[in-house]
Amino acid sequence: MNQQQHMNGGARKAVFAPVDNRARVDAVVSRLGDAIELGLLSDGEQLPGESELAGQLGVSTVTLREALMALRQQGLVTTRRGRGGGSFVSLPEVPGEERLKVRLRGWSTEELRDLGDHWAALSGTAAGLAAQRTEPEDLLQLRRTADELTHAQDAAARGRVYGRFHVELAAAAQSARLTREQVALQTEVGALLCLVLGNDEYREEAAARHRSVISAVQDGAHDSARELAERCVQESTARLIAERLAL
């Protein structure tokens, strides 16, 4: 062993230490739990079988079973035995606020700001492209989603609808890659938005911002659409950062 390797012995030992299985379990719980709370997985939907789901997520069946157990304890998944059995999504009426706050505490303000920059870039680009590529009749789903946000009563529903709008905006851009990126981002941050969308005044403001983005897209005003979508995300990010600082 040379001198440099000797000096860095502790760091090298940490680098080559076995990957913590607990981290993999937590990652699966976070991925599936956020997708359920965001509404990307429907209430009552049957999850793929354990072997198939473990393969899709790139984890062992042992890791997946531990994650499913944690999700059952959180009330997000139910499991039925016997013929026709399996694991099923159980959409909570109200997201676990404490669980979300614990998640938010795990983010530093710098990380939230960086995430917001990424999100603004994605949604801004999607809005600009949608303004160039989308036909008016293709905006019906975005309008329905904006209306849903206007009338959504609880924070969980508002969070799901808010995140879905940005996924649908990426789909309107007719970019499969942008849509996949937006889905991945929403499963990372979407559930946290429940913490700020419980405020009725902000819910109305967010719905108005969404309608403005749709109008700009319909008018083919790609620069305005991009700027409006970016502002929408930047405002949400600022509120999340304020919520984080208040914890």
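**Confidence.** The model is predicted, so begin by colouring the chain by pLDDT. The mean pLDDT of the chain is 85, and 89% of its residues reach 70 or more. Select helix 1 (residues 3-7), where confidence is lowest in the chain, at a mean of 49. Then select helix 13 (residues 222-246), where confidence is highest, at 96.

**A pair of helices.** Next, select helix 7 (residues 109-133) together with helix 10 (residues 176-189). Their axes come within 11 Å and cross at roughly 145°, and the crossing is left-handed. Now display the side chains where the two helices meet. Helix 7 contributes L115, H118, W119, L122, S123, T125, A126 and L129. From helix 10, the partners are L178, E181, Q182, L185, Q186, E188 and V189. The residues of this contact comprise 8 nonpolar, 5 polar and 2 charged.

**A lysine in helix 6.** Move to helix 6 (residues 97-105) and select K101 within it. Is K101 buried or exposed? K101 has a relative accessible area of 18%, and because this is under 20%, it counts as buried. Which residues is K101 in contact with, leaving aside its neighbours within four places in sequence? The contacts are L195, E243 and L247.

Finally, select C194 and C232. C194 counts as buried because its relative accessibility is 8%, under the 20% limit. C232 is likewise buried, at 1% relative accessibility. For a disulfide, two cysteine sulfur atoms must lie within 2.5 Å; by this rule, the count of disulfides is 0.

How values were computed: Residues numbered from 1 in each chain as written. Predicted model: local features only at pLDDT ≥ 70, side-chain atom pairs only at ≥ 80, totals over all residues. Heavy atoms only, no water. Buried < 20%, exposed > 50% of the residue type's maximum accessible area, 1.4 Å probe, protein only. Axes fitted to C-alpha atoms, helices over the stretch in contact; angles between N-to-C directions. Helix = DSSP H or I, 4+ residues; strand = E, 2+ residues; numbered from the N terminus. Left-handed = near helix turned anticlockwise from the far one by under 90°. Contact = heavy atoms within 4.5 Å. Nonpolar A, V, L, I, M, F, W, Y, C, P; charged D, E, K, R; others polar. pLDDT = per-residue confidence, 0-100.
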